[in-house]
Amino acid sequence: MVAIERELVQPATAAISADAIPLKLRRTGGTPRQVLAIAVVGTIALAMFASRDLASWSERLGDGPAALAAQKIAADWDHAMERLGLVRPHEVLRDSLRRLLDWQWGAPP
Amino acid sequence: MLFPTTHFLLFFLVVAALVAALEHRFTAKKAVLVGASYYFYAQWDWRFCFLLGCSTALSYGAGLIIGATADRSRRRLVLGIAVGLHLGLLGVFKYLDFFVLSANELARLLGLQHELPFLEILLPVGISFFTFHGISYLSDVYRGDVAVCRNPLDMALYMSFFPQLVAGPIVRAAYFLPQLARPSTEPVPIAPAMLLILGGLFKKVVIANYLATGLVDPVFAAPTSYGGPDLLLATYGYAVQIYCDFSAYSDIAIALAALLGFRFPANFNQPYRAQRLREFWQRWHISLSTWLRDYLYKPLGGNRGGRLKTYRNLLLTMLLGGLWHGAAWKFIAWGALHGGGLAVERMLEPWLGRRALSPTAKIVATVVVFHFVCLAWIFFRAEDFAVARLFISGMGNGWADGVQQAGPFVVALIAIGLAGQFTSDALFDRAAGAFERMPVWGLGAAAGIVVAVINALGPEGVAPFIYFRF
């Protein structure tokens with residue numbers, strides 16, 4: 001605090017901060033509506049391929065009426081995605097990663 | 001509420017919908033963002049919101065008083081009181097028990113029987129960050145670097161904006177408040193923002209999480225159970241883990257702010273490729289290091305008072321920078337190592353020279369700086385001094401036994417994390433260009449699928465970001 005109270009001989013220059021996203025990448029882009037559209041489409045794609053985690057997330061919501069309804073919807077959704085074969089990539093990736101984690105030096109992965 | 005969770009995704013969907021609906025009503029958009037930020041903060045503990053509100057009111061009120069008077073001594077008095085109150089809040093919530101512990105240890109050394117009681121106050125998440133925002137605003141108003149903020153809504157959003165609220169980057173008032181004066185006319189940089197989010201999620205969910213659980217946590221918990229190779233790899237692992245963890249948070253925060261129509265400053269720039277310790281601090285947690293430079297090092301006199309005072313100021317700044325990270329002697333030791341290193345580097349400057357280094361010398365310099373930073377990380381990560389000492393002394397032992405804990409997968413993660421320090425910016429630009437050419441639905445679907453892949457690769461549940469505790 002002493003340091004901050006101590007007056008400078010000359011005022012410090014204004015904050016010099018480089019933008020994290022440089023100007024050349026900010027020249028083109030979209031609108032807030034497009035951001036919303038991307039977020040919605042992305043969420044649907046995520047819900048399709050990660051339906052297993054959606055079901056387990058809903059189970060942690062508690063046992064209120066709304067939570068129970070959400071759990072039922074998430075479970076039905078997961079079953080539907082399973083019938084479509086969309087949970088398979090998730091399971092294959094999880095299994096492959098488990099093998100990588102167990103991989104030891106001198107043994108094949 | 002953590003970024004890589006379903007809860008946060010649903011929260012962001014609602015915020016994005018409201019922001020899209022209020023595209024042409026800037027004041028309403030700011031009000032929605034303040035409400036969303038307080039909801040976000042209340043997810044940790046709703047009582048923290050009162051603290052954030054008090055800190056905001058203090059900054060706003062003191063700023064108005066400083067701006068209303070031309071009397072220099074009165075301005076200085078108000079600044080001193082307001083900064084003192086900000087630091088007082090931080091001191092009570094973050095450092096009081098540390099001072100009680102230190103006082104009790106001193107009393108024990110002096111043979112005194114009486115011990116002060118611990119208050120065990122819950123540390124409010126992000127208090128260090130919003131306190132620094134408040135101090136930055138008041139100091140800038142006092143110096144005349146930023147206009148007084150007369151709109152309480154703008155001040156509330158500056159102090160609470162949820163992407164940076166709990167772990168930065170520390171955004172200066174002079175940088176952020178002008179963005180609140182009028183709506184941005186720039187398009188939303190969707191493609192680079194999406195890339196930052198996806199890259200950040202990969203760094204946090206895959207690299208940082210597996211390095212923590214597969215190597216760093218077990219080795220730092222019992223360093224005497226492991227030989228030199230595991231200890232060395234755990235040190236490298238922690239260097240990569242903390243970078244991936246913290247820079248991931250910053251990247252996601254920057255991207256979320258961009259998607260909501262605001263610019264944030266850069267916070268990381270491939271820090272482990274630095275060839276000087278000074279350069280490391282120009283690349284690591286840039287918003288904190290520049291804050292410390294402008295509000296501590298320079299007011300202390302910077303390099304204006306001769307060599308010895310420069311060394312003292314460097315040491316003092318980094319010591320306080322260490323203390324900012326937490327109420328523990330190990331953080332002070334970490335700061336002292338960096339401050340001492342910077343002072344020694346400054347001392348050696350006439351010998352090190354300022355001319356360009358040869359390619360071999362550049363590699364040697366990068367390796368030396370990286371290992372010095374790793375040494376300091378051991379103190380930062382270890383539970384206490386005793387563990388750090390055991391850890392360092394154990395590095396010379398057990399080399400014949402080879403590695404026990406670090407499997408090929410975690411070693412590959414360390415290699416990926418370090419390789420990322422040397423990639424070209426052009427790679428990011430090209431990827432952003434490819435994203436930009438995609439239609440909106442394609443970009444959304446691609447992002448959703450990549451997040452699903454990262455989610456499948458990550459462990460069940462996500463650990464909090466390391467910098468939440470600071």
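Which side chain does B:Arg263 meet in a salt bridge?

Author: The model is a predicted one. In it, the side chain of B:Arg263 meets that of A:Asp19 in a salt bridge, with N to O at 3.2 Å. This pair crosses between chains. On the chain B side, B:Arg263 sits in the loop between helix H10 (228-259) and helix H11 (277-283). On the chain A side, A:Asp19 sits in the loop between helix H1 (2-5) and helix H2 (23-26).

Over all chains, the whole structure has 21 salt bridges.

B:Arg172 and B:Asp294 meet through their side chains in a salt bridge of 3.0 Å, N to O. These two residues are 122 residues apart and link distant parts of the chain. B:Arg172 lies in the loop between helix H7 (162-165) and helix H8 (173-181), while B:Asp294 lies in helix H12 (residues 286-297). Both B:Arg172 and B:Asp294 are buried. For B:Asp294 the relative accessibility is 4%, so it falls under the 20% limit for buried residues.

B:Asp294 forms a salt bridge with B:Lys298 as well, and there the closest N and O atoms are 3.5 Å apart. B:Lys298 is partly exposed, with a relative accessible area of 27%.

As for the chain that holds these residues, chain B has 20 helices and zero strands. Its radius of gyration is 23 Å, which agrees with the value near 23 Å for a compact globule of 470 residues. The C-alpha atoms of chain B fill a box of roughly 70 × 65 × 50 Å along the principal axes. Of the 470 residues in chain B, 57% are buried. Among the contacts in chain B between residues at least 6 apart in sequence, 77% join residues at least 24 apart.

The accessible surface of chain B is about 19200 Å², and 66% of that belongs to carbon and sulfur atoms. Chain B carries 37 positive and 26 negative charges, and their mean positions are 10 Å apart.

Technical notes: Residues numbered from 1 in each chain as written. Chains lettered and ligands numbered in written order. Predicted model: local features only at pLDDT ≥ 70, side-chain atom pairs only at ≥ 80, totals over all residues. Heavy atoms only, no water. Helix = DSSP H or I, 4+ residues; strand = E, 2+ residues; numbered from the N terminus. Rg over C-alpha atoms; globule rule 2.2 N^0.38 Å. Buried < 20%, exposed > 50% of the residue type's maximum accessible area, 1.4 Å probe, protein only. Contact = heavy atoms within 4.5 Å. Areas by Shrake-Rupley, 256 points an atom, 1.4 Å probe, with all protein chains shown as cover. Lys, Arg positive; Asp, Glu negative; His and termini not counted. Charge placed at Lys NZ, Arg CZ, Asp CG, Glu CD. Salt bridge = Lys/Arg side-chain N within 4 Å of Asp/Glu carboxyl O.
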